[in-house]
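Colleague: I'm new to this one. Could you walk me through it?

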Amino acid sequence: AYCWGDNSRGQLGNGNMQSSSTPTAVAGSGVLGTTKVAAISVGASHACAVTRTAGVACWGGNSQGQVGNGNTTDQLKPVAVSTQNGISGAPFLFVTSGGFHTCAWTSAGRAYCWGANGFGQLGNGTDTGSSVPTEVVTAKTSLNGRTAQQLSAGDNFTVELAVP
């Protein structure tokens, strides 16, 4: 993966905070290692990627926990998204980033979100943010019995395409 532009919060993922007007490689050491990126998404000042091994890594601005690693410290290099909230063993297929939140879904059709939640954009039935993934509530909602097919995150909201 390559990024360029503003890097004031580490959103280029190259280990420093120096902006770049040309493409620069996201740090390949650490959590990404030599793993290839399958999908990528960017928010206001963070980025997240699904790897070919179906893990999720994020980097950059993390003031609301949108990087998903359990804290709110900006990350200058990619870090693994936490799996502490009982994320199913199914691999992740896609990731989408809003302004200050991130969502991803698995091959089992389960959706998870993390980060800012002042407008309920995490879909977990609260307005409390989370620095680790929380599962989108489906029971007793219009999503009950449906499987996530696609997610898209906006600044303060999330949209899910789900089928029976």
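Predicted model: local features only at pLDDT ≥ 70, side-chain atom pairs only at ≥ 80, totals over all residues.

Colleague: Let's begin with strand 3 and strand 4: how many residues does the hairpin between them use?

Modeller: Strand 3 covers residues 37-42 and strand 4 covers residues 46-51. The two run antiparallel and are joined by 5 bridges. The hairpin that links strand 3 to strand 4 uses 3 residues.

Colleague: And which residue in strand 4 is the bridge partner of Val-37?

Modeller: Strand 3 and strand 4 are antiparallel, and residues 37-42 make up strand 3. Val-37 has its bridge partner in strand 4, and that partner is Thr-51.

Colleague: Now the open sheet of 4 strands: which are its edge strands?

Modeller: The strands are arranged in the order 7-8-9-10, with antiparallel pairing.

Colleague: Which residue in strand 8 is the bridge partner of Phe-94?

Modeller: Strand 7 pairs with strand 8 (residues 101-106) over 5 bridges, in the antiparallel sense. For Phe-94, the bridge partner in strand 8 is Trp-105.

Colleague: Last one: is Ser-97 buried or exposed?

Modeller: Ser-97 lies in strand 7. Beyond its neighbours within four places in sequence, Ser-97 has contacts that include Ser-41, His-46 and Ala-153. Its relative accessibility is 6%, and the cut-off for that class is under 20%, so Ser-97 counts as buried.

Definitions and conventions:
Residues numbered from 1 in each chain as written. Heavy atoms only, no water. Pairing = 2+ DSSP bridges. Buried < 20%, exposed > 50% of the residue type's maximum accessible area, 1.4 Å probe, protein only. Contact = heavy atoms within 4.5 Å.
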